Amino acid sequence: MSDLAALNAALDAAFGPGHIVAGRVLQHSAQAIVAEAMDAEAPVIVKRVLGPDAAIRTDRLREAHDSIAPHMAKGLFRLAELLRVAPHHGLAVMAPAPGQRMDMVLAQADAAERRAVVDLAGGWLAAFAAPRLRRGPVNLHPFIRRRKDHQPPDLTPADRALTGEVLAGLRHAARSLAHAPIAQSGVHGDLTPYNLHLAPAPDDGIEVWAFDLQPLRIRPIAQDAAQFLVVAGLRQPPDGPGPRRHGLPSADVAQMLKACPEVSDPVLRFFIGDRLLRALHDAAAHPDRARAARTALRHWLEGAA
């Protein structure tokens, strides 16, 4: 049975035959399958969580939406609505986000437009984090252990050596931040230009819509900020070489810190290093991405104390 047929069979079992029909698969990974669908005559996005813990993860996804959706229902910073869930089938049905995907906007943006786009992304993150904001020390070493444990076994000797240097730099940064009051909140979990849309607002402004929220986790806000900056910096870099900060375009980092002031520069630097290392480890099939990640990591190391 194809992915699409299996998804439609699950939709029939959860919501009734032919009620919601998936038409095109958008993304398929070991964790989930995402597709465009129709709910009667309304377009929707369906996500089927995969794996033995699919019911638990789907229920936690509902909890994540329930906890933040009322705060993102109005204004310029929005979250696409979760319409219905069927945890026992691992299914979530969401309203599509309006407007244009942010990565497409970044691909055509000049320097001023790029600053405006990153400012909007940082503004969305600040609005999303505000209702559940807390501050306190965070043990950052589990993030380092996870990155170490998930490195591919077939890394080249050069990439293995680079990984070791970066892990050492992360450990040093974690020790220096051991007693710092780090801003934490519920995180999106996959905040990238691919999961944000820009749409015209009624007052001639710009609305920012996010989707593909991950199950609820309280984490440092800088984790979401770093995720956005690394994906934007490596996959939609500005034209031509320019100054870098923590391995990424300096203007991007500065604009994110300005737009989301709860994110501190030292904590952001830690999570940028962590996310850049993940980018290197995930880039085996993408030589260009691997080269970009290596260049960024070497610059990140230059800033290590």
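An open sheet of four strands, in the order β4-β11-β10-β7, shows mixed pairing; strands here are DSSP runs of E with at least two residues, helices are runs of H or I with at least four residues, and both are numbered from the N terminus. Two strands are taken to pair if DSSP finds at least two bridges between them. The edges of this sheet are β4 (77-79) and β7 (100-101), each of which pairs on one side only. Strand β4 runs parallel to β11 (residues 206-210), and three bridges join the two. Within this pair, Arg78 has Trp209 of β11 as its bridge partner. The model is a predicted one, in which local features need pLDDT of at least 70 and side-chain atom pairs count only at pLDDT 80 or more, while totals for chains, interfaces and linings use all residues. Residues are numbered from 1 along each chain as its sequence is written, and side-chain values use heavy atoms, with hydrogens and water left out.

An open sheet of three strands has the order β8-β9-β12 and antiparallel pairing. Its edge strands, β8 (134-136) and β12 (218-220), each pair on one side only. Neighbouring strands of this sheet are turned against each other by 40 degrees on average, direction ignored; the axes are lines fitted to C-alpha atoms, for helices over the stretch in contact, and angles run from 0 to 180 degrees between N-to-C directions. Strand β9 (residues 182-186) is joined to β12 by three bridges, and the two run antiparallel. Gln184 stands opposite Pro220 in β12.

Ile20 stands opposite Asp39 in β2. Eight bridges join β2 to β3 (residues 42-49), also in antiparallel fashion. Here Ala37 has Val44 of β3 as its bridge partner. The hairpin of β2 and β3 has two residues between the strands, and Ala40 in the turn has a positive phi of about 60 degrees. Six of the eight residues of β2 (residues 32-39) are buried, so this strand is largely enclosed by the rest of the structure; buried means under 20% relative accessible area, exposed over 50% and partly exposed in between, with a 1.4 Å probe and protein chains only.

Among the helices, α9 (residues 265-281) has 17 residues and reaches 24 Å from its first C-alpha to its last, close to the 24 Å expected at 1.5 Å a residue. The expected span is 1.5 Å times one less than the number of residues. Because 14 of its 17 residues are buried, α9 is largely enclosed by the rest of the structure. In helix α2 (residues 54-68) lies Thr58, which is buried with a relative accessible area of 0%. The C-alpha atoms of Thr58 and Leu7 are separated by 15 Å, the two residues being 51 residues apart along the chain.

The second largest pocket has a volume of about 490 Å³. On a 1 Å grid over the protein atoms alone, a pocket is an open set of points where a 1.4 Å probe fits, with protein on both sides within 12 Å along at least five of seven lines, and lining residues have an atom within 4 Å of a point. Grid points are joined across faces, edges and corners, and the volume is the space filled by probe spheres set on the points. The lining of this pocket comprises 24 residues, of which Pro237, Pro238, Gly240, Gly242 and Pro249 lie nearest its centre. Two or more lining residues come from each of α4 (111-129), α7 (221-235), β14 (248-249), α8 (250-259) and α10 (287-302).
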